[in-house]
Structure formats: structure tokens, C-alpha cells
Amino acid sequence: MDIHENEFICVVGPSGCGKSTLLNIIGGLETPTEGKVLVDGAEVTGPGPDRGIVFQQYALFPWLTVEKNVQFGLKLQGKSKEEAEELAHKYLKMVDLEGFAKAYPKELSGGMKQRVAIARALAMDPKVMLLDEPTSALDPELVGEVLSVIRDLADGGMTMIMATHQMDFARALATDILFMEQGKIIEQG
């Protein structure tokens, strides 16, 4: 399959069909059993800042504040303290959480935690954003706030690949839909 810049692809299929595995392969967290993944012509051989990943669970560091969670990868990239702070502020504002920069994850709702995870991934300035069922761990009333952020990113032209069980989300958000069954893409369109 080919995914082009600024596309929003939704991968849909039953539980256990391989959606998360596909995203983990694209993200460089798993090795494909056959084939290869290229991002801008370079083969994916492991994780990299060109691919932001937002998991089903928030994967935030509970001992770090919201802003420190967003800054974490930036500091690993060698960004200065000032630049990391500036970027964290920018992306927390983008997900409407700038007022919670000093809060800890335990003080946030599920939707807020997922928006922090999105801000952390965006701060790395990825070429591709991978979203593995980003609303599955949320209460129904929180789904809308996370989908609103995702819709804004898609409208802004970010290349995105999202695994979901929700066909209505796929139809509303995606430029293309991939249907998976038993580890294979069985239909696209």
C-alpha cells in the first residue's frame, strides 16, 4: 500500500485482525515478517521522531507534570530547556491544555490524558502520526474532545494513520479506509 503526504488513513477490522500490529510495524516497534516500510524513501528499522505514536492507553509518565511529559522526547533529541518549554507550551495550547501544564496525569480526565499524549507526539514534529484506537479507553463523553483534536490535525494536513473499530469515525475522518482481516488488508477504499 502507498500512503501519501496529507492523507488520513483509517485501518478498520475486528479485534485481533492486526491493526495495532500494522501500526507498531510502521512505528518501528515491531519487525515485519515480510515486506518493508518506507517513510520518505528510508526504510523503517526502529522507532524514530519522524513517526509520532499515540497508543490506546495514555502512556504518560505519572511522576512528570503535563509539560514535562511533553518535553520528555524533546530533551532526548537534545533540545535546549528553553526550546523544549516553548514547544511544550505551543502543543499544549494546540490541544487546549495550556492551563494544565503544571498538573500531574492523575489530576486529569481520560480525554485530557489522551490530549497530552497527542501533544507529546506532535512536539516531535513527526511526518506521520500513528493513532492506535485513541478513543477506546475513554468514556463516551470524552471521545468528542479527542476526536476534535484529531479532526483539527487532519484538517491541517498532517499525514495520519488511525486504527479503529468505529466505522463512523473512519467515514467521518479518513481520506481512505483500509479493511483488515486475519493480518491482511482485504480491501481499500
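N6 lies in the segment before strand 1. Helices (H or I, at least four residues) and strands (E, at least two) are DSSP runs, numbered from the N terminus. The model is predicted: local features need pLDDT of at least 70, side-chain atom pairs count only at pLDDT 80 or more, and totals for chains, interfaces and linings use all residues. Residues are numbered from 1 along each chain as its sequence is written, and side-chain values use heavy atoms, with hydrogens and water left out.

The relative accessible area of N6 is 45%, so N6 is partly exposed. Here, buried means under 20% relative accessible area, exposed means over 50%, and partly exposed lies in between (1.4 Å probe, protein chains only). N6 and T159 are 153 residues apart in sequence, yet their C-alpha atoms are 4.2 Å apart in space. N6 touches G157, M158 and T159, with residues up to four places away in sequence not counted. Contact means heavy atoms within 4.5 Å.

An open sheet holds 6 strands in the order 4-5-6-1-7-8. Its pairing is mixed. Two strands pair if DSSP finds at least two bridges between them. Strand 4 and strand 8 stand at the edges. Each has a single partner strand, so one side of each is left without a neighbour in the sheet. From one strand to the next, the twist averages 20°. Strands of a sheet pair through backbone hydrogen bonds, either parallel or antiparallel.

Strand 1 and strand 7 pair in the parallel sense, over 4 bridges. V12 stands opposite F179 in strand 7. F179 also stands opposite E187 in strand 8. Strand 7 (residues 176–181) and strand 8 (residues 184–188) run antiparallel and are joined by 4 bridges. The two strands form a hairpin with 2 residues between them. Q182, in the turn, has a positive phi of about 50°.

Helix 1 (residues 19–26) is mostly covered, with 6 of its 8 residues buried. The buried residues are K19, L22, L23, N24, I25 and I26. They pack against strand 1 (8–12), strand 4, strand 5 (128–132), strand 6 (159–164) and strand 7. G28 follows helix 1 and has a positive phi, near 85°.

In helix 2, the buried residues include V66, E67, N69, V70, Q71, G73 and L74. The buried residues of helix 2 pack against helix 3 (81–94) and helix 4 (110–123). An α-helix has 3.6 residues a turn, so residues three or four places apart point the same way. Just after helix 2, G78 takes a positive phi of about 90°. Helix 4 lies across strand 4 and strand 5 and runs at about 170° to strand 4. Axes are lines fitted to C-alpha atoms, for helices over the stretch in contact, and angles run from 0 to 180 degrees between N-to-C directions.

Aromatic pairs were then counted. Rings of Phe, Tyr and Trp (its six-membered ring) pair if their centres lie within 6.5 Å; planes under 30 degrees apart count as stacked, over 60 as edge-to-face and the rest as tilted. By this rule there are 2 aromatic pairs. The ring centres of F61 and W63 are 5.3 Å apart and the planes are at 45°, so this pair is tilted. F61 is partly exposed, at 23% relative accessibility. W63 is exposed, with a relative accessible area of 60%. F61 also pairs with F72. That pair is tilted, at 4.6 Å centre to centre and 50° between the planes. The F61 and F72 pair links distant parts of the chain, 11 residues apart. F61 is in the loop between strand 4 (51–54) and helix 2 (66–76), whereas F72 is in helix 2. F72 is partly exposed, at 35% relative accessibility. F61, W63 and F72 form one aromatic cluster.

The cysteines form 0 disulfides. A disulfide is a pair of cysteine sulfur atoms within 2.5 Å. The closest cysteine sulfur to that of C10 is in C17, 13 Å away, too far for a bond. C17 is therefore in no disulfide either, its nearest cysteine sulfur being that of C10. C10 is buried, at 0% relative accessibility. C17 is also buried, with a relative accessible area of 3%.
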